[in-house]
Amino acid sequence: MGLTESSALRRVVVVGASLAGVRTCGGLRAEGFDGEIVLIGNEVHAPYDRPPLSKKVLAGEWEPDRIALFRAGEQESLQLDLRIGTAAVGLSIADRMVTLADASTVAYDGLVIATGAALRRLPGQPDHPSVFELRTLDDSLALRDRLIAGDQRVTVIGAGFIGLEVAATARLLGNTVTVLEGASAPLIRGLGAAMGGAVTLIHADHDVTIRCGVQVRSLQLERDSIDVHVTDPDGSMSVVVSDIVVVGVGVAPATAWLEGSGVQLRDGVVCDATLNALRETAKVDAGSDPAVSGSRESDVANRVPNVFAAGDIARWPNPQFDHEEMRVEHWTNASEQGLAVAKNLLAVGRGDAAEPFSTVPFFWSEQFGKRIQFIGRAAGDDDIAIVRGSIEDRSFLALYGKHGRLRGALGMAMPKQLMQCRALLLSNLSFDDAIEAVAAFA
């Protein structure tokens with residue numbers, strides 16, 4: 001008996017043709033769902049993978065067909081109603097209806113919100129053919145056309161992972177690159193100041209200039225250049241003359257279309273531990289104990305029926321980290337959450353309990369041929385110990401601890417040892433015991 005015969009779920013609508021959205025669709029079919037699946041995406045392109053946009057695609061090493069998320073024949077086998085090139089602009093949870101930009105509506109029995117995140121912009125940022133952002137395939141291809149000839153003065157605003165990947169790619173293509181960062185060190189949010197500084201030493205090795213503690217005041221469009229006016233740490237003003245400017249100042253969850261829907265929004269879609277979206281009247285208490293179902297008791301009555309969130313947009317209490325509320329903007333999390341919400345949506349459709357989503361976050365980057373990987377969580381006040389290798393050798397493994405417990409691990413050019421740390425994190429080892437265990441790795 002198919003699930004469509006044994007449950008109320010006949011049509012599942014997935015909003016967001018992202019990695020999380022595509023994995024949700026695959027997960028629904030893998031779990032036996034034989035009803036209708038509608039996948040909605042705002043881009044005109046079929047779903048594609050985003051991480052290569054700042055690396056292989058931008059460098060000209062890969063063409064767009066290489067990053068398609070659907071393998072040959074997969075879209076047809078999943079029997080999707082794929083609606084691309086139109087954005088969702090509204091949601092009625094009372095009517096179980098999604099409104100699209102063309103004024104059409106799509107009814108649902110189950111809904112998965114996977115609209116990811118949208119780029120932040122600089123105040124007063126001009127629209128100009130030499131000022132770029134990097135979020136979409138079209139962005140990457142347009143920037144590639146300018147970078148690939150080399151000998152351009154490129155200024156990257158923002159020293160997060162995407163900004164640094166763009167900087168590395170631009171430099172490898174023969175351009176002069178300057179990175180401007182407002183914080184006191186790069187990658188503070190992801191790795192902390194000390195390790196962020198360690199990672200960016202590889203940029204110094206390749207003559208990329210990174211200026212921290214500077215505030216971008218304006219972009220002035222001159223006849224033959226773009227002048228980036230900045231305030232330096234000492235309060236003085238300076239100008240960075242550029243041929244190309246790439247703005248990479250972070251992202252914000254794409255929740256505008258959900259405003260007024262009754263779904264609780266707070267830097268993302270607020271969910272319970274099972275990734276079920278909560279109503280906006282819900283009060284999230286990160287210290288509550290999990291209920292038998294895997295969700296916190298205070299959340300059960302506040303769930304939006306049959307509405308789940310996955311990927312960059314989902315904010316949930318992660319059981320693996322003592323129910324710390326988090327929103328994770330990384331590939332692995334989006335893939336895992338897409339599969340998890342597919343399973344949980346079908347479970348609640350059958351009247352069964354959904355399972356909490358528990359994970360150890362993982363992300364990676366590649367810059368100047370160095371594989372940089374992080375597993376776990378990092379905070380600015382973590383204890384950090386370099387256990388293997390050294391920063392000077394540009395090959396090391398560092399552990400992050402807090403309150404005596406292991407919280408994360410960073411590896412540069414140490415992929416095998418880094419992945420061995422996952423088991424240590426799952427075991428909730430003390431920081432000292434983890435240091436001893438990593439020192440003994442083969």
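Reply: Among contacts (heavy atoms within 4.5 Å) between residues at least 6 apart in sequence, 62% join residues at least 24 apart. This is a predicted model, in which local features need pLDDT of at least 70 and side-chain atom pairs count only at pLDDT 80 or more, while totals for chains, interfaces and linings use all residues. Residues are numbered from 1 along each chain as its sequence is written, and side-chain values use heavy atoms, leaving out hydrogens and water.

Turning to the rings, those of Phe, Tyr and Trp (its six-membered ring) pair if their centres lie within 6.5 Å, with planes under 30 degrees apart counted as stacked, over 60 as edge-to-face and the rest as tilted. By this rule there are 4 aromatic pairs. In one of them, the ring centres of tryptophan 316 and phenylalanine 357 lie 5.5 Å apart with their planes at 55°, so this pair is tilted. Its partners are 41 residues apart, since tryptophan 316 sits in strand 21 (residues 314-318) and phenylalanine 357 in the loop between helix 9 (331-350) and strand 23 (362-367); helices (H or I, at least four residues) and strands (E, at least two) are DSSP runs, numbered from the N terminus. Tryptophan 316 and phenylalanine 357 are both buried, that is, under 20% relative accessible area with a 1.4 Å probe, protein chains only.

In another pair, phenylalanine 374 and tyrosine 400 have ring centres 5.1 Å apart and planes at 90°, so the pair is edge-to-face. Here strand 24 (residues 370-376) holds phenylalanine 374 and strand 26 (residues 395-402) holds tyrosine 400, 26 residues apart, and both residues are buried. Phe374 and Tyr400 also belong to a cluster that ring pairs form with Phe161 and Phe363.

Notes:
Buried means under 20% relative accessible area, exposed over 50%, partly exposed in between (1.4 Å probe, protein chains only).
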